[in-house]
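Hi everyone, thanks for coming. Let's have a look at today's model together.

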Amino acid sequence: MGVYCQMLADEKIMKSLEGVKKALVLTCPGCACESLSYDKGLPNRSLNDGKGFENIAVAVHKERDRIKDFFSRAGIKTNTMTVAFPCELVETDCRQIVKMAEDVDAVCVLACTGGFLGIRDILAGCGVKIAPLMRSVGTFVFHIGIDDSGNYTFVERENARILRFSTRESGRGAGFQGNAD
Ligand code: SF4
């Protein structure tokens, strides 16, 4: 099962970045990629690039590029970095993220809530704003197909199974609603 996460509304993201002139977008190539492929009908992963897990994640990088354009139109200069995985950070990644964050006003996390918390923890005390771009809304089991070109995988919507977190409870012990899409 993967973590099903969805984009926050653009207006909400922009509100969280008031006053920011330079941002770093950190991208997770894991479940965030399948989630966006499902939500937005994007190609999921490239089958032919052979450039490593971080680089074959098509859907999440398309969304990152959309966000980068969106920020650019709002006057925010944007650097990017892909981290596999923000929920399981290794020491070398942590050092690189801290270094990249030195140069920006805000670090924006394109990952589930767990990934956001992982990044927030390592940047605590750095004095940089840390903003989520997505939020976890459940877990998924997806069947992955191959498109007609043979170049990309995609999430089969008709076979998708999503268990949404309960919205009736919150805090420790809150569980699944139990309904599957
Ligand atoms: S950070 Fe979240 S979205 Fe990325 S691999 Fe980990 S659980 Fe999945």
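Okay, start with threonine 27, which sits in strand β2, residues 22-27. Strands here are DSSP runs of E, at least two residues, and helices are runs of H or I, at least four, numbered from the N terminus. This is a predicted model, so local features need pLDDT of at least 70 and side-chain atom pairs count only at pLDDT 80 or more, while totals for chains, interfaces and linings use all residues. Residues are numbered from 1 along each chain as its sequence is written, and side-chain values use heavy atoms, with hydrogens and water left out.

Is threonine 27 buried or exposed? Buried, because its relative accessible area is 1%; the cut-offs are under 20% for buried, over 50% for exposed and partly exposed in between, with a 1.4 Å probe and protein chains only. Not counting residues up to four places away in sequence, threonine 27 touches, among others, Val60, His61 and Arg64, where contact means heavy atoms within 4.5 Å.

Now the helices. The axes of α2 and α3 come within 7 Å and cross at roughly 75°. Axes are lines fitted to C-alpha atoms, for helices over the stretch in contact, with angles from 0 to 180 degrees between N-to-C directions. So α2 and α3 are roughly perpendicular, a label for 65 to 115 degrees; under 35 is roughly parallel, over 145 roughly antiparallel, and the rest oblique. Val60 of α3 is part of that contact, as is Leu36 of α2.

Last stop: serine 46, in the loop between α2 (31-40) and α3 (58-73). Serine 46 is buried too, at 8%, and its contacts beyond four places in sequence include Val58 and Tyr152.
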